[in-house]
Amino acid sequence: IVGKVNPNSPPFMSLSKRFLVLASAMLMLGGLVPQAHAILLSPPLIIEFPPAVVAVSPLNKERILRYPDAGGQTTISVMFGSNIEFVGAPDSAVQVRNLTTGLPVANNGISIHKNMLYFSSNEFVHPGTAGNSYEAKVIASRIHKVGGSMGLSSDYIWQFKIADRAHISA
């Protein structure tokens, strides 16, 4: 994982500085080290890490049940370890492809709420989708951490399958 230093980091609290000085003095007086150095950083450095995917729904390789009488749409969810935002158009942030037909899946909307990304489509509930496999991809260059410029370190890709009652027992 690659991190970067935030140049706008707040200064260390004086309590932290006092702790470093006290710890250094105790080490030196205790004879544990010949010299003790209190390192006081000014300005302090805070390392930030890029956002990371921590969970997806459906899960990788999961079979999700299609209810033919339910209608509506299905939503794919992606959870990140930090709040995120789009870089550019939302439609370019996620790609879903039907691996069985080779065709892209049209979305009814792609949205972000805090650390969650949602891709909605009604194509998963159409008759004939049962048994089809899909691949979802979050595009690294289209998502970044709120208030920063750090994006995903690489595209995040996973697969799932649509099933109906007949496919569950198989």
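Student: Does Arg-97 count as buried, partly exposed or exposed, and what is its relative accessibility?
Tutor: Keep in mind that this is a predicted model. Buried means under 20% relative accessible area and exposed means over 50%, with partly exposed in between. Arg-97 falls in that middle class, so it counts as partly exposed, at 37%.

Student: Which residue does the side chain of Arg-97 meet in a salt bridge?
Tutor: In general, side chains of opposite charge can pair when their charged atoms come close. Here the structure holds 1 salt bridge. Its N to O distance is 3.4 Å, and the partner of Arg-97 is Glu-135.

Student: How many residues apart are the two members of that pair?
Tutor: Arg-97 sits in strand 7, while Glu-135 belongs to strand 10. The pair links distant parts of the chain, with a separation of 38 residues.

Student: Is Glu-135 buried or exposed?
Tutor: The cut-off for buried is under 20% relative accessible area. Glu-135 comes in at 16%, so it counts as buried.

Student: What about the inside: how many residues are in the largest nonpolar core?
Tutor: In soluble globular proteins, nonpolar side chains tend to be buried together. Among the residues with the most contacts inside this core are Val-78, Phe-119 and Trp-158. Strands 3, 5, 7, 9, 10 and 12 each supply at least two of its residues. The size of the core is 24 residues.

Student: Leaving aside neighbours within four places in sequence, which residues is Val-78 in contact with?
Tutor: Val-78 is one of the residues with the most contacts inside the core. Leaving those sequence neighbours aside, its contacts are Val-53, Ala-55, Val-56, Asn-115, Met-116, Leu-117, Val-138 and Trp-158.

Student: Where does Ser-120 lie, and is it buried or exposed?
Tutor: Ser-120 lies in strand 9. Not counting residues up to four places away in sequence, it touches several residues, including Gln-73, Thr-75 and Asn-108. Its relative accessibility is 11%, under the 20% cut-off, so Ser-120 counts as buried.

Student: Zooming out, what percentage of the residues of the protein chain count as buried?
Tutor: The accessible surface of the chain comes to about 10,600 Å², and 59% of it belongs to carbon and sulfur atoms. Of the 170 residues, the share that counts as buried is 29%.

How values were computed. Residues numbered from 1 in each chain as written. Predicted model: local features only at pLDDT ≥ 70, side-chain atom pairs only at ≥ 80, totals over all residues. Heavy atoms only, no water. Core = buried A, V, L, I, M, F, W, Y, C linked by side-chain atoms within 4.5 Å. Buried < 20%, exposed > 50% of the residue type's maximum accessible area, 1.4 Å probe, protein only. Helix = DSSP H or I, 4+ residues; strand = E, 2+ residues; numbered from the N terminus. Contact = heavy atoms within 4.5 Å. Areas by Shrake-Rupley, 256 points an atom, 1.4 Å probe, with all protein chains shown as cover. Salt bridge = Lys/Arg side-chain N within 4 Å of Asp/Glu carboxyl O.
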